[in-house]
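Here are my notes for you to read with the model open beside you. Take the points one at a time and find each place on screen as you go.

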Amino acid sequence: MRQGNFFRTSVILLLSVWLALFVLIPNLLVLAASFLGRDESGFINLSPGLGNYLRLFDSVYLRVFAHSLWLALLTTLACLGLGYPFAYFLAQFRTSVRPVLLTLVIIPFWTNSLVRTYAIRSLLAARGLLNNTLIALGLIEEPVRLLYTGSAVLIGMVYILLPFMILPLYNAIEKLDHRLLEAAADLGAGRWRRFWQVTLPLTLPGVIAGSLLVFMPALGLFFIADVLGGSRDLLVGNLLKDQFLDARDWPFGAAASMALTGLLFLFLAAYAYSLERFAVEDRP
Amino acid sequence: MKALALALSLFCAAAWGEGPAIRLFGWSDYLVQEVLDRFTEETGIAVNYTSYDSNESMYAKLKLLDGGGYDLAIPSTYFIDKMRKEGMLHSLDKNQLPNYKNLDPRQLDKPFDPGNQYSIPYIWGTSGIGVDTAKFKLQDVQAWADLWKPMFAGRLLLPNDMREVFHIALHILGFSGNSKDPAQIRSAYELLKKLLPNIRLFNSDAADVLFVTGEADAGVIWNGAAHRIQLEEPSFQYVCPKEGVILWMDSLVIPKNSPHAELAHRLIDFLLRPDIARLNSEKVGSATPNLEAIKLLDPKLRGDAVVYPPNDIVSKGEYQTDVGAAITIYTEYWEKLKAE
């Protein structure tokens, strides 16, 4: 018993030290930098102020944030549209087959997402697999311009993030009590009504968890827009990179990064709130 | 126990070599491993090669290490200018560089490092316009300003490089590509805004692949990539625009607090040896500033006007120098341009 406690304490201690060293302290440094001023030859100088945060309200940066939010929203909706039926049908398979299918969903994670993004690029390229197939089938004569468009970016984002939607949805749908659906059917509810009034409300926690798991990384991902969109879109991630490397304005970059972190916290708080509400509703 | 100690000492000897190793910080694919291996073979000095993908990240790292972590780096013109002014570079001892005499005097004493006190030219080239003549007529693209023609709507490839893109617009307006004047930078931005409908993508690291795979039909490209495309696509042509090309050069420098400055001098001198400079130039596909090495080159490469442009083109070109704090003005308009 005592030994178990020791093990637990040391693991918790190790994790806390790790998090403090590599998450908390760096973030505090970024926070501190965000209140300082830019320096041409030393990155930061000690001229405290809120100027960096006020600059974020410049219309350019507001547009960048709005554009990133919009892209993340579209990605989430597309993932939900694809992921829900996917997870639903996955849960209908025999229990012995399901783990195999789930593994298939996870396998792409074994490859780095940047590498997979490049793979999509060669699929969509002018002389890529998709265009060559369409030409060989005689459906088109000239290659269609797929790469470096908004759709290419969306395809890439959805492809990379879809598993994050499928897994929590599957988890929620699998736990669904089929007796409730049978009862609804006995009481005369049709297919759609059963879905809208039973299945969907009961799997809503999965929908919310999945949406958040897709939305939050989507907000920060920028290499997909760079590789598949031809660097034409400026997303928050690009803004951070530009400020830190090109403009060497670390304090402003830090402020933008803090704004992004704040935004993510907001979504997490909303998620925690919704969980609490579900917990309350579950009580008879 | 004895065996363990022996194994440990062997391991240490293998890890650290017999003597000190030079720590080289360079662009990826910029130094041929064959060259470095020969240096180690001839001198017994090991070379550890770490690569970076942008001048900006190289600068940030050296700045944070206070110039102490590396013995040799290969920055581009405007970063040499900046690092030199900020005292981040070790001044070079030409007495330790007998092969310095091989360098073409036309490539020395440039505005970013007068008298080459801190930098030794390594490779150089131009940025101009690349065009697939199967898609567009060559006479339609003779100047930078031609890129604004409506015929290029949604077709152009531009480098994902703020300074380079603004350089073009500033040039057309008759200003220096190194302007620090906010009004001039602003008018360059206004001009670039009109170019946006023609731009298909911004990309700096795979221009050659984009042309060969048919994704780009025209655009701004550096001559080394142009040379490589021509080998695969005979219909591809490289144009030095009428207003003047952008000149670029990457040079060898020793960071201020380099732990092995003397050994770094030896490596620089080795790289200046004609046979070595020739090997490097042929493998990288860019021009060497080494006159003696040029004499040894394959006549076909030496005579290629894309890689070795004639004098009148070079004299009309402009190098990029450091713009100081004005870089934030460039970044602001660059972001405006992209968020448009």
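1. Let's begin with the surface of chain B in this predicted model. Chain B exposes about 13,900 Å², and 55% of that area is supplied by carbon and sulfur atoms. Turning to what is covered, 58% of the 340 residues of chain B count as buried.

2. Now step back and look at the overall build. Chain B contains 14 helices and nine strands. Its radius of gyration is 22 Å, close to the 20 Å that the globule rule gives for 340 residues, so chain B is as compact as a globular protein of that length. If you follow the C-alpha trace of chain B along its principal axes, the span is about 75 × 45 × 45 Å. Contacts tell you how the chain is put together: among those in chain B between residues at least 6 apart in sequence, 73% join residues at least 24 apart.

3. Please find the open sheet of three strands in chain B, which has the order 2-1-3 and parallel pairing. Strand 2 and strand 3 of chain B are at the edges with a single partner strand each, so one side of each has no neighbour in the sheet. As a reminder, strands of a sheet pair through backbone hydrogen bonds, either parallel or antiparallel.

4. How many bridges join strand 1 of chain B to strand 2 of chain B? There are seven, linking strand 1 to residues 46–52, and the two strands run parallel. Strand 1 and strand 3 (residues 72–73) of chain B pair in the parallel sense over two bridges.

5. Zoom in on strand 1 of chain B, residues 21–27, where six of the seven residues are buried. B:L24 stands opposite B:L72 in strand 3 of chain B.

6. Finally, move to chain A. Why is helix 11 (residues 236–246) of chain A described as largely enclosed by the rest of the structure? Eight of its eleven residues are buried, so the description follows from that count. The buried residues include A:V236, A:L239, A:L240 and A:D246. Just after helix 11 of chain A, look for A:R248, which takes a positive phi of about 50°.

Note on methods: Residues are numbered from 1 along each chain as its sequence is written. Chains are lettered from A and ligands numbered from 1 in the order in which they are written. This is a predicted model: local features need pLDDT of at least 70, side-chain atom pairs count only at pLDDT 80 or more; totals for chains, interfaces and linings use all residues. Side-chain values use heavy atoms; hydrogens and water are left out. Buried means under 20% relative accessible area, exposed over 50%, partly exposed in between (1.4 Å probe, protein chains only). Helices (H or I, at least four residues) and strands (E, at least two) are DSSP runs, numbered from the N terminus. Two strands pair if DSSP finds at least two bridges between them. The radius of gyration is taken over C-alpha atoms; the globule rule is 2.2 Å times the number of residues to the power 0.38. Contact means heavy atoms within 4.5 Å. Accessible areas come from the Shrake-Rupley method with a 1.4 Å probe; for residues, only the protein chains shown count as cover.
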